[in-house]
Amino acid sequence: MNKPLRRAAVFCLALIVALMGWATWIQGAKASDYKEDPHNPRVAIGKYSAPLGNILVGGEPVTGSAATSSTLKYKRTYKDGPLYAPVTGFSSQIYGSNQLESLYGDLLDGSDGRLQSPADALTRNRAKGGDVATTIDPKVQQAGYRALGGKKGAAVAMDPATGRILGMVSTPSYDPGKFAGSSGADQKAWQKMSDDPDDPQVNRALRQPLPPGSTFKLVVAAAALENGLYSSVDEPTDSPDPYTLPHTRTKLPNENASAPCKNANIRTALQYSCNTVFAKMAVDLGKDKVKAQAEKLGFNDGKVDTPVRAAKSVYPSDMDDAQTALSGIGQFDDQATPLQMAMVTAAIQNGGELKTPQLVDKLTDGGGNTVQENGPKTYRKAMSGRTSQQLRSAMQTVVDKGTASGAKIDGRTVGAKTGTAQHGVDNSGTPYAWFVSYAEDGKGHQVAVAVMVEDGHAARNEVSGNGLAAPIARAMMKAALP
């Protein structure tokens with residue numbers, strides 16, 4: 001063979017080897033990437049080739065599947081879609097999925113390897129979709145949704161002893177069934193939701209941190225007791241009224257000018273929501289001690305998974321003393337989600353032990369057999385049992401004699417704290433109304449609740465945690481206790 005011909009043959013052989021290598025790479029190492037690429041139409045065709053498994057509330061499905069006449073043979077359906085959208089999320093043939101629909105997409109569509117029988121693995125057939133059983137109590141969810149009504153806001157109810165999320169409501173909500181398919185009507189429904197200035201697709205319970213206002217005073221009170229600044233909630237504090245912010249001429253007043261806030265003890269300061277007491281308390285403790293207490297309760301943790309990940313609630317680090325004072329009353333740059341404030345209340349109710357918030361009870365295969373079961377997990381020991389008992393007692397005083405009277409439930413022990421959070425340039429925006437509470441029946445049943453109402457249509461002087469948010473918390477607590 002002459003030299004040019006030999007070179008051409010070697011070059012062709014090299015091309016063949018390279019092509020075989022590339023084909024092997026595509027078939028092997030890259031196969032899963034292409035298989036899972038959302039732009040690959042085969043992914044959607046496979047996912048919607050059979051009915052999906054369901055998301056369960058109270059043991060009953062709140063999702064379903066309906067046959068279509070298109071290439072995608074089935075589409076997702078929802079029962080009481082707006083009620084449960086903050087829990088389920090959506091699964092759309094066009095727009096993908098989110099929340100539980102996304103996190104457990106492989107289980108629901110049967111492609112999860114844990115669902116495959118030996119025969120399925122051999123034939124590469126997709127198994128029947130499994131189910132996701134949530135921790136949601138339908139009575140609690142419905143009570144919160146009805147009580148929020150047309151208001152913009154969110155509410156979370158938790159079992160403090162287990163971390164199980166009993167209710168998670170966000171309003172305004174949306175119906176995920178309206179854009180589950182691929183028709184023009186589905187696209188119009190998606191566009192209408194996307195253009196809504198009230199952002200109904202935002203899960204406010206988990207994903208919208210806002211200034212927590214006076215509900216954050218519970219965190220500062222816990223820090224003061226844990227660090228020995230005060231020995232009990234009944235020891236007088238060293239608190240002038242009004243309080244001048246450090247290194248400034250700005251005097252911080254109390255909402256109620258006649259409230260007995262001067263040198264008030266923690267119980268009285270929570271009862272009347274004294275800004276002066278907790279602002280000075282935060283400065284006396286120092287930002288680092290307040291931050292340490294806040295972080296024990298979940299602040300500054302960007303990986304709080306329910307399993308849907310919550311937005312990070314923030315207690316800031318870089319502050320001077322004046323800013324630390326404002327942070328002590330839940331202002332400045334403090335940010336918290338309703339889930340975060342429910343965690344604070346749950347830790348206080350549960351003897352100081354904070355359980356990891358949990359939205360999913362168990363996963364089952366298409367035959368109802370358990371694939372994974374989620375038991376209670378401890379997030380952190382957030383405070384001592386004595387501190388939690390002291391705070392529970394003080395919160396009961398807030399309900400019995402203070403600003404949280406709207407949470408009273410006959411025959412139940414209830415503790416609470418109100419909050420009204422300022423925002424906007426020079427506090428020009430309508431305040432956010434907050435309410436955190438716990439209730440118990442003395443027979444082992446208990447619940448912790450956090451509510452935030454963002455009602456831009458309310459008159460500024462009508463916004464209060466007790467007026468707007470307490471009825472929602474009360475409705476959820478009543479529903480949670482037998």
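Guide: What follows starts at the disulfide, moves to a neighbouring asparagine, and then turns to other parts of the chain.

The model is predicted. A search of the whole structure turns up one disulfide. Its partners are C261 and C274, with the sulfur atoms 2.1 Å apart. A disulfide is a covalent bond between the sulfur atoms of two cysteines. The two cysteines are 13 residues apart: C261 is in the loop between β11 and α12, and C274 is in the loop between α12 and α13. The torsion about the S-S bond of C261 and C274 is about -80 degrees, so the disulfide is left-handed.

Is the pair buried or exposed? C261 has a relative accessibility of 1%, and because buried means under 20%, it counts as buried. C274 is also buried, at 0% relative accessible area. Another cysteine, C12, has a relative accessible area of 42% and is partly exposed.

N254 is buried, its relative accessible area being 11%. Leaving aside neighbours within four places in sequence, N254 is in contact with both C261 and C274, and also with D241, N275 and T276. For two of these residues there is a polar atom pair to inspect. A polar atom of the N254 side chain lies 2.7 Å from the backbone nitrogen of N275. The backbone nitrogen of T276 lies 3.1 Å from a polar atom of that N254 side chain.

Now for the nonpolar packing. The largest nonpolar core has 118 residues, and M168, F278, M281, F299 and L339 touch the most other members. Beyond its neighbours within four places in sequence, F299 is in contact with F216, V219, A294, S313, V314, Y315, Q335, A336, Q340, M341 and V344. A second, separate core has seven residues, among them Y78, A85, A189 and M193.

Several of those names belong to helix α16, where L339, Q340, M341 and V344 are among the buried residues. After α16 comes G351, with a positive phi near 70 degrees.

Two further places are worth a look. One is strand β7 (residues 131–134), which runs parallel to β1 (residues 55–57) and is joined to it by two bridges. Here I55 stands opposite V132. β7 also pairs with β13 (residues 360–364), this time in the antiparallel sense and over four bridges. In that pairing T134 stands opposite V360.

The other is T162, in the loop between β8 (153–158) and β9 (165–171). T162 is buried, with 17% relative accessible area. Its C-alpha atom is separated by 7.9 Å from that of G375, 213 residues away along the chain. Sequence neighbours within four places aside, T162 is in contact with K355, T356 and P376.

Methods:
Residues are numbered from 1 along each chain as its sequence is written. This is a predicted model: local features need pLDDT of at least 70, side-chain atom pairs count only at pLDDT 80 or more; totals for chains, interfaces and linings use all residues. Side-chain values use heavy atoms; hydrogens and water are left out. Buried means under 20% relative accessible area, exposed over 50%, partly exposed in between (1.4 Å probe, protein chains only). A nonpolar core is a set of buried Ala, Val, Leu, Ile, Met, Phe, Trp, Tyr and Cys residues joined through side-chain atoms within 4.5 Å. Contact means heavy atoms within 4.5 Å. A polar contact is a pair of N or O atoms within 3.5 Å; within protein, one must be able to donate a hydrogen and the other to accept it, and residues adjacent in sequence count only if both atoms are side-chain atoms. A disulfide is a pair of cysteine sulfur atoms within 2.5 Å. Two strands pair if DSSP finds at least two bridges between them.
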